[in-house]
Every structure is written in structure tokens, then in C-alpha cells.
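Here are a few exercises to work through with a viewer open. Try each task before reading its solution.

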Amino acid sequence: MEHYNMNLTLKVWKQKNAETGGKFETYKVSNISSEMSFLEMFDVLNEQLIREGKEPIAFDHDCREGICGMCSMYINGRPHGPWHGTTTCQLHMRAFKDGDTIVVEPWRANAFPVVKDLIVDRSAFDRIIQAGGYVSVNTGNAQDGNSIPIPKENADKAFAAAACIGCGACVAACKNSSALLFLSAKVSHLALLPQGEAERKERALNMIAQMDKEGFGSCTNTGACEAVCPKEIEITNIARLNREYVAAGWASDTKKH
Amino acid sequence: MLDSKIPAGKLEDKWTDYKGHCKLVNPANKRKLEVIVIGTGLAGASAAAALGEQGYQVKAFCFQDSPRRAHSIAAQGGINAAKNYQNDGDSVFRLFYDTIKGGDYRAREANVHRLAEVSVNIIDQCVAQGVPFAREYGGLLNNRSFGGVQVKRTFYAAGQTGQQLLIGAYQALERQVALGNVKMYNRHEMQDVVMIDGKARGIIARNLINGQLERFFGHAVILASGGYGNVFYLSTNAMGSNVTAAWRAHKKGAHFANPCFTQIHPTCIPVSGDHQSKLTLMSESLRNDGRIWVPKKQNDSRKANEIPEEERDYYLERRYPAFGNLVPRDVASRAAKERCDAGYGVGTTKQAVYLDFKYNLINKYGKAEANKHGIQNPDTETLIRLGKEVVKEEYGNLFDMYEKITGENPYEVPMRIYPAVHYTMGGLWVDYDLMTSVKGLFCLGEANFSDHGANRLGASALMQGLADGYFVIPYTLGNYLADEISVKPIPTTDRAFVETEAKVNERINRLMSIQGTQTVESFHKRLGKIMWDKCGMARNEQGLKEAIQEIRDLRADFWKNVRIPGGIHEMNPELDKASRVADFLELGELMCMDALERNESCGGHFREESQTPDGEALRHDDQYMYVSAWKLNGEHSWELEKEPLNYEVIKPTQRNYK
Ligand SMILES: Cc1cc2nc3c(=O)[nH]c(=O)nc-3n(C[C@H](O)[C@H](O)[C@H](O)COP(=O)(O)OP(=O)(O)OC[C@H]3O[C@@H](n4cnc5c(N)ncnc54)[C@H](O)[C@@H]3O)c2cc1C
Ligand code: SF4
Ligand code: FES
């Protein structure tokens with residue numbers, strides 16, 4: 001792979017905190033290696049800003065391996081930038097060329113208020129999980145792991161849904177700021193396994209109720225979420241969620257009467 | 001004197017006897033007891049969930065924006081358990097034995113045996129939570145092998161085992177949050193332990209969103225704050241992983257054990273340039289199917305695929321025929337360094353070796369798949385195509401990650417890998433109850449020193465984290481708190497809270513007032529370089545002595561010249577980082593002192609003065625059969641307490657993987 005260096009212009013959203021408004025600032029960086037990750041390019045910029053006595057740009061990140069779900073930049077109009085199935089931290093500068101201008105914003109959604117610069121508050125996701133994204137089993141009373149055989153196909157599908165990293169790119173990409181891809185991934189993960197069976201109905205109902213409460217919008221099936229999801233969570237999970245929801249709603253209606 | 005409080009009796013009965021006789025807290029009293037848990041990785045999340053389920057009032061803390069993002073999420077390869085589902089001779093004893101041997105006889109028998117015992121419960125618990133482990137076609141759980149052992153006991157979920165286990169623990173934790181048993185504090189960083197009458201009774205934490213200091217009371221405090229590999233700057237750890245919580249506890253009297261025992265992992269993507277901010281692991285599980293080699297010729301500049309089979313040196317298979325590519329990590333790392341130092345390295349920097357999947361892709365998976373599909377005499381191309389599908393299922397995410405980082409396709413060309421700092425076996429000293437030398441202060445997971453001796457076997461950290469959190473602390477904490485039930489919650493207006501907070505405040509102000517010219521990052525990089533060069537894969541007396549002086553100088557420079565932008569009462573990631581680097585600067589010195597004191601080689605600690613004629617680590621059991629527990633006495637001054645290791649069941653021998 002050929003390596004090259006590039007000079008870039010960055011337009012980055014700066015905002016002091018949740019209470020104040022924000023605006024774009026323009027920065028220049030030079031000699032950026034195509035081998036760097038996108039966040040390493042930000043490291044270079046921040047080092048430069050600190051040395052110049054200016055405020056560095058705050059952004060969320062931790063693992064830098066595409067798995068913790070912490071990084072969250074809206075790059076050139078796309079959550080996590082141009083590479084398919086890739087988080088911001090795994091995006092590498094090979095994706096850009098000398099002279100490019102790159103626009104970087106935080107996730108934008110009412111349910112994800114900006115904390116500072118590119119950092120947003122995603123605790124709404126935790127509260128959606130609290131509403132039912134688990135199997136209610138206390139520690140210490142589990143039976144032998146092999147006593148419930150699970151067809152490989154179901155196990156694999158559950159795993160694919162469980163791969164969601166809770167980054168929120170799906171919300172950021174959606175014009176309605178719907179959290180349905182995230183939510184459906186969790187509901188699918190547990191609905192596909194016998195362990196999740198007992199609470200299947202309440203889970204879907206309660207998690208959706210919480211999602212509405214948090215101020216996420218509704219899903220109009222544009223598919224924007226699936227296109228940007230770094231873990232390639234499939235939109236078929238939303239269809240499965242809808243089935244779960246309808247079935248659960250039906251069951252809870254019958255219970256009421 | 002340190003008392004490890006190992007129960008009397010036969011090794012295999014100790015834990016059962018302990019559980020049968022330890023003190024208990026009744027359910028009504030549990031509700032009156034408050035417990036602080038620092039960290040929500042596998043150890044902390046499992047502990048907080050399990051204690052919440054029992055009815056304790058738990059307060060849990062993490063510095064990320066959600067507990068689900070703890071560094072444990074990044075673990076790739078798997079988790080060990082002595083289930084013997086493969087019928088290949090595994091047992092609790094064998095897992096115990098392998099772990100002690102893998103740790104080069106520097107871990108406690110009683111702790112490790114308990115770990116092996118509860119390993120089987122972990123798998124059951126995780127399955128019940130819905131953790132989607134890999135399965136066979138018959139629907140049963142699948143296993144893979146890891147280094148240093150000859151059985152298949154590793155459970156996994158593709159290359160995302162840590163993620164799936166942590167999500168399981170996180171969900172259990174969030175369930176307790178919903179039930180009101182756990183209160184979760186995200187974006188909070190513990191700054192100090194509050195001591196009252198000689199016991200840990202709370203913490204001071206900094207709210208990372210607004211910079212405010214906050215006080216929290218607990219009848220006990222549990223640290224599960226992870227490892228300190230980032231003292232080397234470059235490591236496979238997450239960017240935020242740090243030693244701060246453990247270090248502040250050390251300053252409050254908790255002994256730090258075996259600080260120099262660092263694991264350098266053999267298979268990581270090599271450094272590509274000065275901009276490098278972290279290193280990425282390629283899971284050990286890849287050594288199941290990848291063969292490691294370098295060219296037989298020095299400074300061979302041909303591409304990997306141009307080097308014919310007979311001109312490749314599969315040096316691990318050559319040197320260690322019994323374990324081959326699956327020797328333990330410390331052995332594999334040193335062997336890679338040896339080849340590169342001798343001029344056989346590959347790639348532009350020559351600091352790399354090949355990890356090659358082609359052989360097994362064709363011969364193992366390709367052929368098996370061809371048989372399965374009834375394809376007679378398949379050509380190589382067909383075999384490669386069939387093999388690729390299997391490899392993709394097993395390690396797809398790792399291969400993708402490799403390609404994103406390096407721009408090379410590892411299905412086509414061998415991976416280039418080199419050792420990198422990965423895990424710290426050392427940590428806060430704990431007794432059998434996982435209590436530190438400070439009363440009421442416990443330590444779990446990678447942050448403690450307890451189970452891995454001088455080298456950790458692959459897939460054993462996840463096991464230890466969950467063992468500590470789900471199955472050990474629920475008993476041992478009760479044993480401590482049973483005597484605390486009459487203690488009423490202490491208001492955080494108590495003098496101890498006020499004074500501790502004032503000290504924390506003073507330190508932060510001091511950092512912010514320096515306003516020098518150099519960035520935090522630049523100090524961290526310099527520290528990392530000293531540590532890697534002089535306290536890394538090979539260490540010697542002279543280098544360590546130099547390192548101690550260099551670190552002292554660097555620390556003095558830091559407190560004079562560091563520049564931290566922004567303010568105190570706002571979100572300020574540079575300040576967070578500065579505070580962590582300041583602690584690393586103190587820890588680095590202690591690590592070098594520990595490495596200097598231990599003039600033997602064992603596990604990941606390789607003193608050049610102590611090796612066998614063929615370059616293997618040479619232990620000195622007559623002189624160093626102890627845990628080094630360091631007590632802080634003052635600036636640059638530590639006192640060494642030795643906890644002797646008594647092997648009652650296993651007879652230590654020179655490790656041999658040949
Ligand atoms: C890339 C990689 C792959 C790995 N793969 C494997 C594997 O396959 N198998 C295996 O067994 N092991 C593996 N390991 C090792 C294993 O992942 C870790 O040792 C283990 O997950 C550590 O868990 P923990 O709970 O002790 O700490 P962590 O997961 O590191 O969690 C630490 C927690 O403490 C919090 N914290 C830290 N300091 C503070 C503070 N001051 N205040 C408040 N909160 C704080 C953090 O927010 C976090 O929640 C791997 C490690 C790496 C780096
Ligand atoms: S569904 Fe995809 S985009 Fe949405 S939170 Fe999960 S991983 Fe991120
Ligand atoms: S930093 Fe963890 S996913 Fe990007």
C-alpha cells in the first residue's frame with residue numbers, strides 16, 4: 001500500500017457546553033500521513049492547538065478498535081465518515097486526499113444533547129436497556145450451559161444482533177432521530193434465544209415506551225440507519241421488532257379485557 | 001505483616017469450607033449497607049450486579065459515558081472454563097495447574113484453585129443471561145484452544161468475546177439500576193479514597209462533565225478499575241485505561257504487588273509511525289490457525305508470497321515442537337524479539353514477523369469443507385475459497401480490522417505482527433478475600449495482582465474478572481460487612497470527606513497553575529519510551545537504574561513545564577489526562593524498582609542476567625519465591641514486604657514447552 005502525506009482543512013463544530021450555542025471553526029493541518037487513523041489526525045490537531053495556546057477539540061473515544069462505541073463524529077454529512085461498516089476510530093486517512101476539506105459535527109438528535117464540542121450525551125440508550133434489555137436471572141442459579149442446545153443458526157443470528165456497540169450512529173443518520181435500529185438489535189438478540197423467551201412481550205413494549213419517552217422520533221423505514229451502522233446491524237431486525245411489538249400489544253390487550 | 005488469610009485445609013476444599021463458614025449479612029441488614037464499586041468492566045459490572053441482586057445499596061462509577069464501554073469490551077479471543085465439554089482431559093485441577101505453570105510459579109495456589117473451580121459457573125451464568133457464545137451445529141457450545149495449554153477449553157463469540165460478556169454483565173447491571181439497587185455514575189472519575197478510623201469509607205470523585213468534586217460514602221469500597229499497561233504509552237489498552245484509582249489507594253496505604261509483571265503480547269499490529277496513539281491486538285486465538293515465521297535469510301527484502309516454503313523459518317515450531325505456535329505469550333514475544341534483533345524481521349521497519357493463515361486455510365479448513373461438501377480432488381483455489389469462509393466466521397472482525405489499519409488483506413498476504421504491551425499481572429495486593437491491605441478496600445479484576453503470577457495465560461483475564469465479581473466478592477464482602485452492620489452511613493460533611501476533598505482540589509489546582517510549554521501527551525510519550533526501552537521485554541540492572549533516574553527527572557519536568565488548557569470547572573479531557581499521567585510517572589518508578597529488585601527471570605519479567613544457555617527465562621526459586629508487596633513511605637520511598645509463596649500441591653519446575 002502506497003503511503004502519502006496530505007494537507008487538509010477542517011471545519012469542526014465547537015460548543016462550550018449544553019447551555020451555550022455552537023459554531024464551526026476552521027483549522028488547517030499539514031503533513032498528515034495516510035497511515036494515520038482519523039482520530040490520530042485529531043490528536044495532531046489538538047497538540048498543535050495546545051501549543052498555540054488555543055482550546056483543543058473535545059471528542060469521545062476510548063478503545064480505538066471499533067468496539068466500545070464511544071467515538072461519534074459526523075464526518076462530511078455521514079455518521080462515522082465515508083467507509084462502510086466502520087467506526088470513526090477505525091476510519092483511516094487513506095480515505096482522504098491532499099487538499100480535502102473535512103466537515104466534522106457531533107451527532108444531532110434531541111435525545112442526544114451536546115455536552116461539549118463533538119461530545120454528546122447518550123445516556124438515553126442506557127435507560128432504554130434499563131426498561132427491559134436483559135434476561136432477569138440472578139447470579140448463581142443458572143443450569144449447565146449445555147443443557148439448552150440452541151440451533152447454530154439462531155445463535156449466529158442472535159450474535160449478529162448483539163454486535164451492536166450502542167454508538168448512536170443510526171439515530172444520527174435518521175431524519176426522524178429514531179432509535180429503532182439500536183432497540184431492535186437488542187430485542188432481536190434476546191428474542192432469538194430461548195433464555196429471552198419469558199420476558200419477550202414486556203421487553204418489546206417497555207423498551208419502546210422508554211424510547212418514546214426519551215424523545216427519539218418514529219421510524220419511517222428510510223434505511224439510513226442500516227447504511228451507516230458500523231456493525232452492519234440489519235434492518236430486518238426492525239421488522240422482527242415490529243412483529244414482537246404487535247404480538248405483545250395484542251397479548252397485553254387481551255390481558256386487559 | 002501481610003496476612004493472605006488463606007483458609008486452612010486441603011486445597012480443593014478451601015473455597016467450599018470458606019463459603020460454609022464465612023460470616024453472612026441478613027437481607028434486612030444488606031439493605032442498610034452501602035457499597036461503592038469503581039469500574040464497570042467485567043469485574044466491576046459483575047460485582048455491582050451481583051451485589052445489587054443481593055440487596056446491597058450499590059453506587060457504581062465509570063469514566064466513560066456508559067458502563068458498557070469499559071475496556072473489557074475490547075477483549076477478543078475468549079474465556080477459559082474447566083467444563084471439559086470436549087472430553088479431552090480437562091478438569092478443574094488441570095486448569096489450576098496450567099494457570100500456575102503459565103504464571104511461572106509466582107501465583108498463590110489457593111486463589112488460582114478457586115478461580116478454576118468457579119470457572120464452570122461463569123459459563124452457565126453467561127449462557128443464562130443470553131450471551132451468544134459460538135455453537136456447534138448440534139446446538140452445543142463450541143471451544144477453541146489458547147496458548148500454553150493442550151486442551152480446548154476456551155469459550156468464545158467470534159473475535160468479540162469481551163464485548164458479549166460485558167454486554168451480559170452490563171445488562172444485569174442495568175437491571176439492578178432499574179430496580180433501584182444500583183445507582184450508576186457515568187463520566188465520574190475517582191480521585192481518592194476517604195479513610196475514617198483506619199477503614200475505607202468513601203471516595204472523592206470528579207464529575208467529568210462539569211469538573212465538580214463530589215463526595216460519596218460507602219461501608220466498603222471496591223476497586224475494579226482495570227490494568228495500567230498505558231504507563232508504556234503505547235499498548236493494546238483503551239486510551240483511557242489508567243492506574244489512578246489503584247494508585248490513589250496505594251497512597252492511602254494499599255500495598256502494590258509485583259508492579260513490574262507486565263504482559264507483552266506477541267501478536268499485535270506493529271507500530272507504523274510517530275503518530276501512533278495505540279496498538280491493536282490480533283487475538284491469540286489466531287495462533288490456532290496462523291503459523292508464525294520469518295525468512296531464513298537475514299534482511300530478506302522479498303515479499304512474503306515470493307519466499308518459498310523451504311526458505312521460511314517457522315521458529316516457534318522449530319524451537320518448541322511440543323507447543324509450537326501455541327507457546328505462552330511471554331515465550332512467543334521473546335522469540336519474536338530475538339529473531340528481529342538478529343536481523344530476520346520483516347516489513348519496512350524490520351520490527352515484525354509473519355502470521356500466516358494460508359496453510360490451515362487450505363489444509364485444515366479447506367479440506368474439511370471439501371469433504372463435507374463431497375468435493376473430490378479439489379484444486380487449491382477451491383480449497384482456499386472454502387477455507388476462507390470458515391476463517392471469516394471465526395475471525396472475520398479481526399481480519400477486517402487488520403485491513404482497515406494496514407491497508408493489506410490478510411486473506412491474501414500474511415499479517416505482520418510484533419509484540420506489544422497488553423496486560424498487567426501486577427496490581428494492588430489482596431488477600432484471599434480480595435481485600436487490600438487497607439481495611440474495607442477491595443480490589444477485583446486486572447487491577448489486583450492475584451491470579452496470574454508472572455505471566456497470564458490467554459482467555460484467563462475475562463475468567464478472573466467475572467469470577468471475582470459474580471462468585472467471589474458476594475461471599476467475601478459479606479464476611480467483612482457482617483461486622484459493620486451497626487455502622488450508620490457517615491454524612492459526607494464529616495471532616496475526613498472535607499479534608500480529602502481539599503487535598504484533591506489542591507492537586508488539581510496545582511496542575512492547572514503550572515501553565516508550562518509542553519503537552520501532556522509529550523510527557524506520556526517520553527515516559528512510555530523509557531519504560532519500553534528499559535523496563536520492557538528485556539531488562540537489566542544498568543538500564544533499570546538509568547530508567548529510575550530518567551523517570552524522576554521527567555516527573556520533575558512535568559510538574560514544572562506541563563501545559564493544560566481550559567479550566568477546572570468544565571469538561572476538560574486534557575486535565576483528566578494530565579492527572580492520570582502524573583500517576584503513571586510515579587508508578588513507572590516503582591515498576592523499575594521492582595524489576596531491579598527481582599534479579600531473576602520469570603514469566604513476562606526477563607532479566608538479561610538470568611537466562612538459560614538457550615535464552616529461556618531462568619527462575620531462582622531459592623531467592624525469589626515470593627510476592628513483592630510494596631508499601632509507600634513517602635516521596636520516592638517504598639518498603640518491600642515479601643509474601644512467601646508456599647507450593648503444597650504443585651512442585652515448581654523449570655517451565656518447558658519443548
Ligand atoms: C485488546 C484486548 C484483548 C483482550 N482479549 C482478552 C481475551 O480474549 N481473553 C481474556 O481473558 N482477556 C483478554 N484481555 C484482557 C482483559 O480484557 C482485561 O484484563 C479485562 O477485561 C479487565 O477487566 P476489568 O474489569 O478488570 O477492567 P476494565 O474492563 O479495564 O474496566 C475498568 C473500569 O474501571 C473504570 N475506571 C478506571 N479508573 C477509574 C476511576 N479512577 N474512576 C472511576 N472509574 C474508573 C473504567 O471506567 C472501567 O469501567 C484483552 C485485553 C485487551 C487490551
Ligand atoms: S445499531 Fe449500529 S449504529 Fe445503531 S447504535 Fe448499534 S452499532 Fe451503532
Ligand atoms: S473509540 Fe471505541 S469504537 Fe471508536
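The exercises below start at the ligand and end at a loop in chain A. This is a predicted model, so local features need pLDDT of at least 70, side-chain atom pairs count only at pLDDT 80 or more, and totals for chains, interfaces and linings use all residues. Residues are numbered from 1 along each chain as its sequence is written, chains are lettered from A and ligands numbered from 1 in the order in which they are written, and side-chain values use heavy atoms, with hydrogens and water left out.

**Exercise 1.** Find where ligand 1 lies and which residues come nearest.

*Solution.* 
- Step two: list its surroundings, where near means a heavy atom within 4 Å. There are 39 residues around ligand 1, and B:Gln64, B:Ser72, B:Gly77, B:Met190 and B:Glu446 come nearest.
- Step three: sort that shell into 17 nonpolar, 18 polar and 4 charged residues. Here Ala, Val, Leu, Ile, Met, Phe, Trp, Tyr, Cys and Pro are nonpolar, Asp, Glu, Lys and Arg are charged, and the others, Gly among them, are polar.

**Exercise 2.** Which strand of chain B gives the most to the shell around ligand 1?

*Solution.* 
- Step one: take the elements as DSSP runs numbered from the N terminus (helices are H or I, at least four residues; strands are E, at least two).
- Step two: pick those of chain B with at least two shell residues each, namely helix 3 (42–54), strand 6 (188–196), strand 15 (415–424) and helix 12 (461–481).
- Step three: strand 6 comes out on top, with 3 residues.

**Exercise 3.** Is A:Lys16 buried or exposed?

*Solution.* 
- Step one: locate A:Lys16 in the loop between strand 1 (5–15) and strand 2 (22–33) of chain A.
- Step two: apply the classes (buried under 20% relative accessible area, exposed over 50%, partly exposed in between; 1.4 Å probe, protein chains only).
- Step three: A:Lys16 has a relative accessible area of 51%, so it's exposed.
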